[in-house]
Amino acid sequence: MSSEWFNPYTAVGGTVAMFYILRKLLKESFNMIDTICNRTYIYNICWEDPAVDHQILKIKSDDVIFRICSAGDIVLDYAIEGPAKIVVCDMNQHQLWLFELKIRMLRDPNLTYDEWWGIWGSSDVTVAMKVWKRMRHTMSGGGRKWWDGRIERVFRKGFATSGSTGFAAKFLIPWLMYVVGFDIKAWAETGFSHEFISKNYQMIERSAWWFRRLFPGILAPFAGVPPNQIGPEFYTTEFYEGILREIFLDPDFGTTNYFYRFYYEKGYKDQTCCPRTLQKEHFEALRANASCFEWHHATVQETMERVAPRTFTKLVLLDHMDWMPNSIVHDEWIALQRASVPGAQVLWRSAFTKMDDKPFFNNLDIKDLSPQWYSKDRVKMYPGTFECYMPINPFPFVDPEPSPCQKASFARKVKTTTKMILHPLTAGRVDAHGDKMSSFYAEQAKGYDAVRENMLVARPEMISGFGPIKQGHTWLDIGGGTGRNLHYLRAQLDNFERIVVLDICPELLEIGEESARRSFTPAQCEKISWLCLDINAKNVRQELAKHLNNDLHRGFDTISFSYSLSMIPEWQTALLSARNLMSEDGRVIISDFDTYTHEGKSWKDWAIRTWYKQDGVRIEAKTREFITETAFPSDRFVVTMARFQRKLAGVWIPHYVMCCRKETITTSNGLRRPSASNLMALDEKKSD
């Protein structure tokens, strides 16, 4: 192993020392990212490929672009194209001070290309200090104070070793390469050839084995990856082997792939393998457009709420949504929609290849660009690359707070809970499904919403994927009972043409209608129909058509089953009925109890199935299978599923949310239309 790359004290002593360090880091890994962000920046260069961004975004002179800052070099690359404005934000103030340093230098009228290259290409401390003294007064107060104490040290030691990624590249990764026997210098001397990697492929296998054990708990914080972003893939050797194979077998590694050579060579050795921002031919354009930037020390949502409505034409969100819960993603996108023009192009990356775990994404017509662009991305860090256009119709605004009339006193909650628990022992025997529901819910109706609020926790997640709400939207809530779901969308009821709450239990419908009168305006109540009917009734389409101006073909834009599918005896027929009642761009959304395991055959599955069965609730794994394979097959519908567990009285209870929708396309003006395949299916349906 070359001493230029890594020189341990001894093979044994160096390894023992590193294990001691790693053990200490493991204990502190949960707080490591906060510790890093409080002291310095994480990224000294961005870990996305700007060449891919340019191919996707096609930046024009009238574009107003938003991007999370990171190290700032990619938005500098965007600026070469001369957009009207670029707005960046970052929660790490030190990332913004790094970015500000670059911008203030570019705005220095005396800056030459040789100085620019000397600072950011060669990390020449003499040049850096010369330019710093000349433009130091233009920095913000905080940035000037921070850089005063470290700019000389950063460029003397080498800019490539700064930040937490630079620390990892200088110490942790070389140690790992030493342990697995990966002689990077020998590889470099071959011109980073494929043949060398192919002959020594065991080094990739060994590296993947170590990454599997070190990355989730130790290396991740240095790469800016929080614990919430560590999914199941991160605990498999295959995940790391796939990424390492793509990196080391990249045919451009020794020519134009400058990302990893930056860390290995501790900077850029020449201008043939470096970012466009350091190439002489782009220097004047970069300086000319250095005034187009605006930066915010804020979250994405806070930044969106600061700018004027309909500001952005293009937005690049990196991978930050990976670690956010669905509710925060939802709130952020409401702010993003407000700040963007209809049809704005949105690009983001992910450590995952699917976005199913967050129901909100069902509001978007997402195009998976990974098959087309991952192999061309020189960084290879993010397996998932996604794009969408911002719809013009508003996203659902989910208000989680119950309406005042849906709250209950402690005594009412105790009484309702007691009746619910004792029902299997006190109820008389009835056979008809409607009679069973009335028997179960009649005495619980008044306290139903208050007691069930903490039990039916997937309802707001389901409503999160409701779909953009257009003027004249129609909604069928099957098993909607007390109308609790309507109160989630109380702020947008005026947009609806018709809402039908269908339930087989008249006691619950009565409570729901009374709650609506006390919570909504008379005009809004006029739009809501409370229909006591079985979804599997033979005349269900005719009865529902009466609430849709007698239009048998209009259908409903959104149809929901909120913890009702598991209580319908003929649930398969109910799903098929719902499918036939969808509008041309409709969707069926479902939230319900789930099994613990995928097959539903563990002892915990047996326990939860037995417990809930006494209340008439059916919990089976085959429900999911029927939905995805029979009711809504993938060749005709876009189906997503999020499975999760939440605690109830100290016990983890599994739930799922599914969205089954007809494929649609959001155009560049934000309007939504059925896809070509669904238009053909619609024509066939009308001809029948």
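Q: What is the handedness of the crossing in which H9 passes H12?
A: H9 passes H12 in a right-handed crossing; by definition a crossing is left-handed if the near helix is turned anticlockwise from the far one by less than a right angle, and right-handed if clockwise. Both names refer to DSSP runs, where helices (H or I) have at least four residues, strands (E) have at least two, and numbering starts from the N terminus.

Q: What kind of model is this, and how are its residues numbered?
A: This is a predicted model, in which local features need pLDDT of at least 70 and side-chain atom pairs count only at pLDDT 80 or more, whereas totals for chains, interfaces and linings use all residues. Residues are numbered from 1 along each chain as its sequence is written, and side-chain values use heavy atoms, with hydrogens and water left out.

Q: At what angle do helix H9 and helix H12 pack, and how far apart are their axes?
A: Helix H9 (residues 163–180) and helix H12 (residues 202–219) pack at about 145°, with their axes 10 Å apart; the axes are lines fitted to C-alpha atoms, for helices over the stretch in contact, and angles run from 0 to 180 degrees between N-to-C directions.

Q: Which residues of H9 and H12 meet, and how do they divide by class?
A: On the H9 side, the residues are Leu-172, Ile-173, Trp-175, Leu-176, Met-177, Val-179 and Val-180, and they meet Met-203, Arg-206, Ser-207, Trp-210, Phe-211, Leu-214 and Leu-219 of H12, where contact means heavy atoms within 4.5 Å. By class, the contact of H9 with H12 has twelve nonpolar, one polar and one charged residues, given that Ala, Val, Leu, Ile, Met, Phe, Trp, Tyr, Cys and Pro count as nonpolar, Asp, Glu, Lys and Arg as charged, and the others, Gly among them, as polar.

Q: How do the axes of H27 and H29 cross?
A: The axes of helix H27 (residues 571–580) and helix H29 (residues 622–631) come within 11 Å and cross at roughly 35°, and the crossing is right-handed. The contact of H27 with H29 has six nonpolar, three polar and two charged residues.

Q: Why is helix H2 described as largely enclosed by the rest of the structure?
A: Helix H2 (residues 50–57) is described in this way because six of its eight residues are buried, a term that means under 20% relative accessible area, with exposed meaning over 50% and partly exposed in between (1.4 Å probe, protein chains only). The buried residues in H2 are Pro-50, Val-52, Asp-53, His-54, Ile-56 and Leu-57.

Q: What caps the N-terminal end of H2?
A: Asp-49 caps that end of H2, with a side-chain oxygen 3.0 Å from the backbone nitrogen of Ala-51.

Q: Why is Lys-58 called exposed?
A: Lys-58 has a relative accessible area of 53%, so the residue counts as exposed. Lys-58 lies in the loop between H2 and strand E1 (64–68), and has a positive phi of about 50° although it is not a glycine. Most residues other than glycine have a negative phi.

Q: Is Tyr-563 buried or exposed?
A: At 7% relative accessibility Tyr-563 counts as buried. The residue is found in the loop between strand E11 (556–562) and H27, and its phi, near 55°, is also a positive value in a residue other than glycine.

Q: What makes Asp-594 a buried residue, and which side chains does its own side chain contact?
A: Asp-594 has a relative accessible area of 2%, and is therefore buried. Its side chain makes a polar contact with the side chain of Arg-624 at 2.5 Å, and another polar contact, of 2.6 Å, joins the side chains of Asp-594 and Arg-643. A polar contact is a pair of N or O atoms within 3.5 Å; within protein, one must be able to donate a hydrogen and the other to accept it, and residues adjacent in sequence count only if both atoms are side-chain atoms.

Q: Why does Phe-496 count as buried?
A: Phe-496 counts as buried because its relative accessibility is 2%. Phe-496 is found in strand E9 (residues 496–503), and, not counting residues up to four places away in sequence, touches residues including Phe-466, Trp-475 and Lys-527.
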